Amino acid sequence: MQRQVWMRMIKIHLLLNSLLAMILGVAVIVMALWTGRDARFTAVRSITVENNNYTTIHSAVLYTALALSAFLVVAGVLCASGLIRESERLLAAGFIILALLFCVAVQLGYWMFTRVGEVEGAVMDVYDFLYHDFLRNQSDSAGQHLTAFHTAFSCCGKHSSSPLTGPVESITCLAGLRATGQGCLLAVSASLQKHMDWCWALLLLMMATVVSGMILTSFLFFSIRLGVSRERQGKYTLAGR
């Protein structure tokens, strides 16, 4: 009896874990779409300059998030289906996908920890190019992009100073932004850090869900294979005539 109670608890836990994996898949795709539609990132991505590495980074992150979302949903569906049907094949397939997700999550965590400065550097490279181009040529295109950049990030100029009355700031910054004196270097760093905090929260929750799912799935797989997961009350025999 006690063994059957533990098996029920494990099945309930795995079912909740599968639902959480599917919810995380939806959350990842929502996060990716929100990043793609955010005014700050849209302003940087729409700037067509030479060697704009941010566009490449943005596309790579977006496609990775889409793949993660799809695999999380598939893993959740496979684990839940394997649990309900008590199918070894479905549980094994779910375990394999969870293992792949764990490897990808570890690699993503390493990339986020070691190369987060590349994203900030790519954004600031685009801003530096526009800043110096407008300072030299006073081109309308650079001026429009700078105005959009300053408005999206609520900043003005490279560094914080008060008041900001340089030639670039006086033309491409709104009066309210010039009065605050917040430099774009600090504004970009703060925006990316806030975004990365949300990404870290999703990644850590995903890793915990994946590891828990791998343990529960493997345990239930071997329980089914050994025939200890079925809830039976004694032995059933056919009465002879």
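Predicted model: local features only at pLDDT ≥ 70, side-chain atom pairs only at ≥ 80, totals over all residues.
**View 1. The helices of the protein chain.** The protein chain has 9 helices and 0 strands, where helices (H or I, at least four residues) and strands (E, at least two) are DSSP runs numbered from the N terminus. Of the 241 residues in the protein chain, 40% are buried, a term that means under 20% relative accessible area, with exposed meaning over 50% and partly exposed in between (1.4 Å probe, protein chains only).

**View 2. Helix 9 and the residue that follows.** Helix 9 covers residues 184-226, and its 43 residues should span 63 Å at 1.5 Å a residue, which agrees with the 62 Å between its end C-alpha atoms; the expected span is 1.5 Å times one less than the number of residues. Just after helix 9, Gly227 takes a positive phi of about 75°.

**View 3. Surroundings of Met196.** Met196 counts as buried because its relative accessibility is 14%. Not counting residues up to four places away in sequence, Met196 touches Met112 and Val116, contact here meaning heavy atoms within 4.5 Å. The C-alpha atoms of Met196 and Phe113 are separated by 9.9 Å, although these residues are 83 residues apart along the chain.

**View 4. Aromatic pairs.** A search of the whole structure finds 4 aromatic pairs, in which rings of Phe, Tyr and Trp (its six-membered ring) have centres within 6.5 Å, and planes under 30 degrees apart count as stacked, over 60 as edge-to-face and the rest as tilted. Phe221 and Phe222 form an edge-to-face pair, with 5.3 Å centre to centre and 85° between the planes. Phe222 is partly exposed, at a relative accessible area of 49%. Elsewhere, ring pairs link Tyr127, Tyr131, Phe149 and Phe153 into a cluster.

**View 5. Leu15 in helix 1.** Leu15 has its place in helix 1, which runs over residues 2-37. With a relative accessible area of 34%, Leu15 is partly exposed.

Definitions and conventions
Residues numbered from 1 in each chain as written. Heavy atoms only, no water.
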